Amino acid sequence: MNNNILIHYPKANSRPVSVNYKVSNEGDLKTITCIVPDKDNTPSWLELQKFELVAMKFDNAYDLVFEQRKFDRNLDTVLFLDKVFEKIMDLRQA
């Protein structure tokens with residue numbers, strides 16, 4: 001994984017969670033592969049250590065593709081994944 005971000009969740013002053021990620025593009029699809037490398041300091045609410053986010057381009061912007069299995073996790077995990085996507089996309093726009 002080439003890139004790293006820190007996500008403060010659930011609050012802006014929460015202990016940050018480190019996420020390594022790699023982005024690949026294929027046509028109008030963008031796949032973001034993520035790993036939370038520090039298992040010992042992972043929050044108890046986070047149910048995934050490794051995950052993929054898939055987005056499709058609509059009107060020059062990327063939107064996450066709906067995946068039902070994502071919602072099989074607890075709400076904090078789902079919201080964390082959304083925050084990871086948002087931060088990565090913000091960084092790629094800069």
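This report describes the fold, the nonpolar core and several individual residues of a predicted model.

## Overall fold

The chain contains five strands and one helix. Their order along the sequence is β-β-β-β-β-α. The radius of gyration is 13 Å, close to the 12 Å that the globule rule gives for 94 residues, so the chain is as compact as a globular protein of that length. Along the principal axes, the C-alpha atoms fill a box of roughly 35 × 30 × 25 Å.

Of the 94 residues in the chain, 33% are buried. Among the contacts with a separation of 6 or more, 43% are made by residues 24 or more positions apart. The chain has an accessible surface of about 6,200 Å². Carbon and sulfur atoms hold 46% of that surface.

The chain carries 13 positive and 14 negative charges. The mean position of the positive charges lies 5 Å from the mean position of the negative charges.

## The nonpolar core

In soluble globular proteins, nonpolar side chains tend to be buried together. In this model, the largest nonpolar core has 23 residues. The residues with the most contacts inside this core are V19, I32, C34, F51, F80 and V84. At least two core residues come from each of β1 (3–8), β2 (16–26), β3, β4 and α1 (75–93). The helix α1 gives the largest share, six residues.

F80 is one of the residues with the most contacts inside the core. Apart from its neighbours within four places in sequence, F80 is in contact with I7, Y9, V17, V19, W45, L46 and F51. Two of these partners, V19 and F51, are also listed among the residues with the most contacts inside the core.

## V36, a buried loop residue

V36 sits in the loop between β3 (29–35) and β4 (50–58). Is V36 buried or exposed? V36 is buried, because its relative accessible area is 3%, and the cut-off for buried is under 20%. Setting aside neighbours within four places in sequence, the contacts of V36 are V17, S18, V19, T42, L46, L48, Q49 and F51. V36 and N4 are 32 residues apart along the chain, and their C-alpha atoms are separated by 9.6 Å.

## Backbone features in the loops

The loop between β1 and β2 contains P10. The peptide bond that joins Y9 and P10 is cis, with omega at about 10 degrees.

D59 has a positive phi of about 50 degrees although it is not a glycine. N60, likewise not a glycine, has a positive phi of about 65 degrees. D59 is exposed, with a relative accessible area of 79%. N60 is exposed too, at 70%.

K50 lies in strand β4. Its relative accessibility is 59%, so K50 counts as exposed, the cut-off being over 50%. Beyond neighbours within four places in sequence, K50 is in contact with C34 and I35. C34 is one of the residues with the most contacts inside the largest nonpolar core. K50 and T77 are 27 residues apart in sequence, and their C-alpha atoms are 12 Å apart in space.

F71 is found in the loop between β5 and α1. Is F71 buried or partly exposed? F71 is partly exposed, because its relative accessible area of 43% falls between the cut-offs of 20% and 50%. With neighbours within four places in sequence left aside, F71 is in contact with F66 and V78. F71 and L53 are 18 residues apart along the chain, with a C-alpha separation of 13 Å.

## Accessibility of the residues discussed

The table collects the relative accessible areas given above.

| Residue | Relative accessible area | Class |
|---|---|---|
| V36 | V36: 3% | V36: buried |
| F71 | F71: 43% | F71: partly exposed |
| K50 | K50: 59% | K50: exposed |
| N60 | N60: 70% | N60: exposed |
| D59 | D59: 79% | D59: exposed |

Key
Residues numbered from 1 in each chain as written. Predicted model: local features only at pLDDT ≥ 70, side-chain atom pairs only at ≥ 80, totals over all residues. Heavy atoms only, no water. Helix = DSSP H or I, 4+ residues; strand = E, 2+ residues; numbered from the N terminus. Rg over C-alpha atoms; globule rule 2.2 N^0.38 Å. Buried < 20%, exposed > 50% of the residue type's maximum accessible area, 1.4 Å probe, protein only. Contact = heavy atoms within 4.5 Å. Areas by Shrake-Rupley, 256 points an atom, 1.4 Å probe, with all protein chains shown as cover. Lys, Arg positive; Asp, Glu negative; His and termini not counted. Charge placed at Lys NZ, Arg CZ, Asp CG, Glu CD. Core = buried A, V, L, I, M, F, W, Y, C linked by side-chain atoms within 4.5 Å.
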